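This report describes the two chains shown below, beginning with the place where they meet. Please keep the sequence and the structure in view while reading.

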Amino acid sequence: MARNEPDPQVDENLPAWSLPAAASENIGVTVEWPERVTREWAWGGSAGAGVQVCILDSGVEPDHPLVGALDGAVALTKQEDGEIVVEDDVEGDLCGHGTGCAGIVRSLAPECRLFSVRVLGAGFKGSGAILLEGLKWAIAQGFDVVNMSLSTTKRQFAGLLHELADSAYFKRTVLVASAHNMPVESYPWRFSSVISVGSHEEDDPQTFYYNPAPPVEFFARGVNVPLAWLGGETIAATGNSFATPHMSGICALILAKHPELTPFQLKSVLYLTASNVGGRE
Amino acid sequence: MTDNNLQAAVSAGVMSAEDEHRALLQSIVEVARSIFSAKASSIFLHDEDTDELVFEAVAGEGSENLIGERFPSSTGVAGWVLVTRQPLVIEDLASDPRFARETAEVTGYVPRAMMSVPLLHEERALGVLNVLDRAQDVQFSLGHMELLGLFANQAAIALDLLQRARHARSVLAGSGGDAAVIARIASALEGLDEEQREPVLRLLAALDDVLHADMSF
């Protein structure tokens, strides 16, 4: 069964809100969980093949050596009349942030399908509304993973972002969002329906920790990360922005091997394989 | 108090606040530079009306002549920090001629390494604080990042006060006859007893709330 397609058996035989006794046989969960969930079970041998990862950011430089080919790229812009339109992206990356994130995902999941949705770069003003529309568009496309190394501090968008995050969660689109390491309220990383990511200081790209004291749920590599940079260059950078695509890449590896996982199950696998839980073997 | 006196008094207060807040910003970049033993530190403010970043203060290397210079709000490293609201540290920049040129244009100095953090106050992203070429004898850690964040909070509070002072001054300068209305209201208020004054103050507070509602988006 392809990702993001509802299981017809479950959908046809089950009412939406309750489970009659006769239907209980039809609610079988297709994932076969081993006695112990290991990293080998979770993503051993996986290169992320076929998983669709969306970089919701500043665009992605086409054919950067660390990024390779994109499977699609669009840009959202605000027209003079205030309408936000989605068009094919012909400019690439305006500041380098999205290219850096895409390179990290590619380094972990070399066979994933990368898509760029540019919501940054057309000016700071109005960027919250464009971010919201971009996320809505990305969820509608049914991407498996959406990397959000960004946030908004505008409370007026918090409610709508929360609804979108929940909607993505139920439609099997995993949102992976950068946490803030500053004492500010920002969104969407604070919502429990997303996978929120902060940084640890270790060098291993597959080392990640579960945080039993949220709102930040996972810590991934975010210090001195080798980063794809504009013009085909590479630099070293630090920030939660770069820890986030590490988790997106690991999600892509797991989903390629276990496409039937729901975001809830995926998060459970991440917990069980975290370096401070069962991930050190 | 006559209308002219009121305007002069308020203007003087605002002017004084501007000077004090400039000194506070300067102090923040000096201390940020000192704490990280850095070659330079600088602050950019986001001008919401023109959607540009404005160079506000610098300590150490770099040109004070650049103060007041304006740059597009969403390009370059400062731009990406502003729009993503995420701090960023970059090392080994010297090898990238594009970055070197860009940075030189906006800071008057070409760094090897750069720490950049958004200045966030309540819901608003006010600008960006940069620390250029911190001492390299200690390896960068997340503790440095946290310290930078604490400084950024302090700078954001100062920037917020500065912006409010500027706004008040521009309102007064541009109001012309409108300032007379404000003066008459103030004068009438002074003539009221406590019981009469209370509902008027409530009305003015409500008006104040409306005027300060954030409608930038």
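Which residue is the bridge partner of A:Ala237 in β4(B)? The bridge partner is B:Ile90.

## Basis of the model

The model is predicted: local features need pLDDT of at least 70, side-chain atom pairs count only at pLDDT 80 or more, and totals for chains, interfaces and linings use all residues. Residues are numbered from 1 along each chain as its sequence is written, while chains are lettered from A and ligands numbered from 1 in the order in which they are written.

The pLDDT, which is the predictor's confidence in each residue on a scale from 0 to 100, averages 90 in chain A, and 93% of the residues score at least 70. Over residues 6–14 of chain A the pLDDT is below 50, and this stretch has 11 contacts in the model beyond near neighbours in sequence. Two residues are in contact if their C-beta atoms, placed from the backbone, lie within 7 Å.

## The interface between the chains

In the model, 43 residues of chain A are in contact with 37 residues of chain B. On the side of chain A that touches chain B, the elements giving two or more residues are α4 (127–141), β11 (233–238) and α6 (240–257). Of these, β11(A) gives the most, with five residues. Helices (H or I, at least four residues) and strands (E, at least two) are DSSP runs, numbered from the N terminus.

By class, this side of chain A has 16 nonpolar, 22 polar and five charged residues. Ala, Val, Leu, Ile, Met, Phe, Trp, Tyr, Cys and Pro count as nonpolar, Asp, Glu, Lys and Arg as charged, and the others, Gly among them, as polar. The strand β11(A) is also joined to β4 (residues 88–91) of chain B by three bridges, and the two run antiparallel. Strands count as paired if DSSP finds at least two bridges between them.

## Overall form of chain A

Chain A has seven helices and 11 strands. Its radius of gyration is 18 Å, close to the 19 Å that the globule rule gives for 281 residues, so chain A is as compact as a globular protein of that length. The radius is taken over C-alpha atoms, and the rule is 2.2 Å times the number of residues to the power 0.38. Along its principal axes the C-alpha trace spans about 55 × 45 × 40 Å.

Buried residues account for 51% of the 281 residues in chain A. A residue is buried if 20 or more other C-beta atoms lie within 10 Å of its own, exposed if 12 or fewer, and partly exposed in between, with C-beta atoms placed from the backbone. Of the contacts in chain A between residues at least 6 apart in sequence, 69% join residues at least 24 apart.

## The nine-stranded sheet

Chain A holds an open sheet of nine strands in the order β3-β2-β4-β1-β5-β6-β7-β9-β8, with mixed pairing. Its edge strands, each pairing on one side only, are β3 (84–88) and β8 (209–210). Strand β2 (residues 72–78) pairs with β4 (residues 113–118) of chain A in the parallel sense over four bridges, and A:Ala75 stands opposite A:Arg118. Five bridges join β2(A) to β3(A) in an antiparallel arrangement, with A:Thr77 opposite A:Val85. The hairpin of these two strands has five residues between them, including A:Gly82, which takes a positive phi near 95°.

Elsewhere in the sheet, β7 (residues 195–200) and β9 (residues 218–221) of chain A run parallel and are joined by four bridges. Here A:Gly198 stands opposite A:Phe219.

## A covered helix

Helix α3 (residues 97–108) of chain A has 12 residues and reaches 18 Å from its first C-alpha to its last, close to the 16 Å expected at 1.5 Å a residue. The expected span is 1.5 Å times one less than the number of residues. This helix is mostly covered, with 11 of its 12 residues buried; among them are A:His97, A:Cys101, A:Arg106 and A:Leu108.

## Chain B and backbone exceptions

The secondary structure of chain B comes to six helices and six strands, and buried residues make up 34% of its 217 residues.

Most residues other than glycine have a negative phi, and most peptide bonds are trans. The bond from A:Tyr187 to A:Pro188 is cis, with omega near 15°, and A:Pro188 is in the loop between β6 (174–178) and β7 of chain A. A:Asn224 has a positive phi near 50° and lies in the loop between β9 and β10 (225–229) of chain A. B:Glu122 also has a positive phi near 50°, in the loop between β5 (114–121) and β6 (124–132) of chain B. With 12 C-beta neighbours inside 10 Å, B:Glu122 counts as exposed.
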